[in-house]
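Subject: Structure for your files

Hello,

Here is the structure I said I would pass on. My notes on it follow below.

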Amino acid sequence: MKLLLAAALLTLPNAAQAKGDDVFCQDVRRLSRAAEETPPFRSLVAENFRPRLLAYGCSHNMRGGYTCLQTLAPRGLTRESVAQRIRACLPGATLTVRRDYLNHELIVRRGRFTASVSEHGAERAHVGRIINLYIDAPPSPR
């Protein structure tokens, strides 16, 4: 009996992670579908949709997309892990790197959906590492 209980307890974190992945991917897929609307994200803005992608959530921004933020990011939460997680939710999505002298972003694209993930700060900074996620739907090239 004790062995069964121990085995059940070991599966709880995996079940919680799977449930978290489900919510994360559901929100990513909703954003991806809404990126194709005209104007982009119209239906989500109308229902005051708040994606649950990072700890502090996301909000609709003035540029028409969504901005998500997390300070004090735990070690396992990085620009790379967030970008890979988004990509895993969207079959056929591409992952590219945009780097200049100040920024290093990972860009996930599928259709018009574009997610730009960046990371700033350091573990010892007063707000720790900061993960920024910008979701946008740039116009299709003509």
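Of the contacts in the protein with a separation of 6 or more, 46% are between residues 24 or more positions apart. Please keep in mind that this is a predicted model.

Overall make-up

The protein has three helices and six strands. Their order along the sequence is α-α-β-β-α-β-β-β-β. The protein has 142 residues, and 37% of them are buried.

Disulfides

There are two disulfides in the structure. As a reminder, a disulfide is a covalent bond between the sulfur atoms of two cysteines. Counting the bonded cysteines along the chain, the pattern is 1-4, 2-3.

Cys25 and Cys89 are both buried.

Another disulfide joins Cys58 to Cys68, and here the S to S distance is 2.0 Å. This pair also links distant parts of the chain: Cys58 belongs to strand 1 (residues 58-60) and Cys68 to strand 2 (residues 66-70), 10 residues apart. The link of Cys58 and Cys68 is right-handed, with 110 degrees about the S-S bond.

Why do Cys58 and Cys68 count as buried? The cut-off for buried is under 20% relative accessible area. Cys58 has a relative accessible area of 5%, so Cys58 is buried. Cys68 has a relative accessible area of 0%, so Cys68 is buried as well.

Helix 3

Which residues of helix 3 (residues 79-89) are buried? They are Arg79, Val82, Ala83, Ile86 and Cys89. These residues cover an arc of only 125 degrees around the axis, and therefore lie on the same side of helix 3.

Regards

Note on methods
Residues numbered from 1 in each chain as written. Predicted model: local features only at pLDDT ≥ 70, side-chain atom pairs only at ≥ 80, totals over all residues. Heavy atoms only, no water. Helix = DSSP H or I, 4+ residues; strand = E, 2+ residues; numbered from the N terminus. Buried < 20%, exposed > 50% of the residue type's maximum accessible area, 1.4 Å probe, protein only. Contact = heavy atoms within 4.5 Å. Arc of directions from axis to C-beta. Disulfide = S-S within 2.5 Å.
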